[in-house]
Amino acid sequence: MQEETDARYMRMALEEARAALQADEIPIGAVIVADGRVIGRGHNMTETLGDVTAHAEMLAITAATQTLGGKYLTGATIYVTVEPCLMCAGAIAWSQLSRIVYGADDPKRGYSTYISARNTPTKPSKPSATEKSGIPNPTPNTQKSTHDAQNPMAGIQNTIDGTQNSTKVIQDSTGGIQHSKSRIQNSSPSPFHPKATITIGILAEECATLMRDFFRSKR
Ligand SMILES: [Zn+2]
């Protein structure tokens, strides 16, 4: 089962996040897996290294490329406890990771806050200009959502308005972390490789709780 495999590796990412917590860092962890093997892992070390770029994903990507001896991670999956920020989404795209799995949404700093999909108000989606003219989208995402195959925006909009009972959304006032049931995102535009797939919400509760507790302890 893919979901069980995802949960297993997300638990490893959570171990990394707890290592960050022990060092009084914002608790985010990441693990990169290729062919059933962990090839890189890391946790947020921005305070320890005095480096704002030392996010879990960046360190895991560097570790993975060192393991493989090449700069591209095509075919590999990154598991990260919290939605990647813009910088990390860019690094994930540059490294050509094929699959992105994350736990909790981050409405404040997560990359999808900055793509137009999440900023689209909740209203019936209209076909884009290219769809209207009959010209196929140059980078179609063929991933089929398990929940909303007909409406690629539905998962994101559920996150915003929480209208669907199947998607539980909890907004945290301090950490800004949301969590919901696992879902597959097939929205466009995406910052990632055109063929990359995104799975959201694996162990979201645990991932979000770590963050929430950390920020609460800082008050
Ligand atoms: Zn980041």
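# Notebook: helices, sheet and loops

**Entry 1. H1 against H8.** I note at the outset that H1 and H8 are roughly parallel to each other. For that label, I take angles under 35 degrees as roughly parallel, over 145 as roughly antiparallel, 65 to 115 as roughly perpendicular and the rest as oblique. The axes of H1 and H8 cross at roughly 5 degrees and come within 11 Å. From H1, the contact uses Leu 14, Ala 17 and Leu 21. From H8, Glu 206, Cys 207, Leu 210 and Phe 214 take part. I sorted these residues by class: 6 are nonpolar, none polar and 1 charged.

**Entry 2. Ground rules.** The model is predicted, so I kept its conditions at hand: local features need pLDDT of at least 70, side-chain atom pairs count only at pLDDT 80 or more, and totals for chains, interfaces and linings use all residues. Numbering starts from 1 along each chain as its sequence is written. Helices (H or I, at least four residues) and strands (E, at least two) are DSSP runs, numbered from the N terminus. A contact means two C-beta atoms, placed from the backbone, within 7 Å. Axes are lines fitted to C-alpha atoms, for helices over the stretch in contact, and angles run from 0 to 180 degrees between N-to-C directions.

**Entry 3. Whole chain.** I counted 8 helices and 6 strands in the protein chain. Along the sequence the pattern reads α-β-β-α-α-β-α-β-α-α-α-β-β-α. Of the 219 residues, 42% are buried. Here buried means 20 or more other C-beta atoms within 10 Å of the residue's own, exposed means 12 or fewer, and partly exposed lies in between, with C-beta atoms placed from the backbone. I also looked up contacts with a separation of 6 or more: residues 24 or more positions apart account for 60% of them.

**Entry 4. The sheet.** In what order do the 6 strands lie? I read S2-S1-S3-S4-S6-S5, in an open sheet with mixed pairing. The edge strands are S2 (37–43) and S5 (183–185), each pairing on one side only. From one strand to the next, the twist averages 20 degrees. Two strands pair if DSSP finds at least two bridges between them. S4 and S6 run parallel and share 4 bridges. Tyr 102 has Ile 200 in S6 as its bridge partner. S5 pairs with S6 (residues 197–200) in the antiparallel sense, over 3 bridges. There I found Ile 184 opposite Thr 199 and Gln 185 opposite Ile 198.

**Entry 5. Helices on the sheet.** H1 (residues 2–22) lies across S1 (29–34), S2, S3 (77–82), S4 (99–104) and S6. H1 runs at about 145 degrees to S1. H8 (residues 204–217) also packs on the sheet, where it touches S3 and S4. The direction of H8 makes about 60 degrees with that of S4.

**Entry 6. H3 against H4.** H3 (residues 56–68) and H4 (residues 86–94) pack at an angle of about 20 degrees, with axes 9 Å apart. H3 and H4 are therefore roughly parallel to each other. Their crossing is left-handed: the near helix is turned anticlockwise from the far one by less than a right angle, whereas clockwise would be right-handed. Glu 57, Met 58 and Ile 61 of H3 meet Cys 88, Ala 91 and Ile 92 of H4. By class I get 5 nonpolar, no polar and 1 charged residues.

**Entry 7. Leu 59.** Leu 59 lies in H3. Is Leu 59 buried or exposed? Leu 59 counts as buried because it has 22 C-beta neighbours inside 10 Å. Leaving out residues up to four places away in sequence, Leu 59 touches Gly 42, Met 45 and Ala 54. Val 31 is 28 residues away in sequence from Leu 59, and 9.6 Å away in space, C-alpha to C-alpha.

**Entry 8. Positive phi.** Most residues other than glycine have a negative phi. I looked up two aspartates with positive values. Asp 24 has phi near 60 degrees and sits in the loop between H1 and S1. Asp 24 counts as exposed because it has 12 C-beta neighbours inside 10 Å. Asp 35 has phi near 50 degrees and belongs to the loop between S1 and S2. With 7 other C-beta atoms within 10 Å, Asp 35 is exposed.

Definitions and conventions: Nonpolar A, V, L, I, M, F, W, Y, C, P; charged D, E, K, R; others polar.
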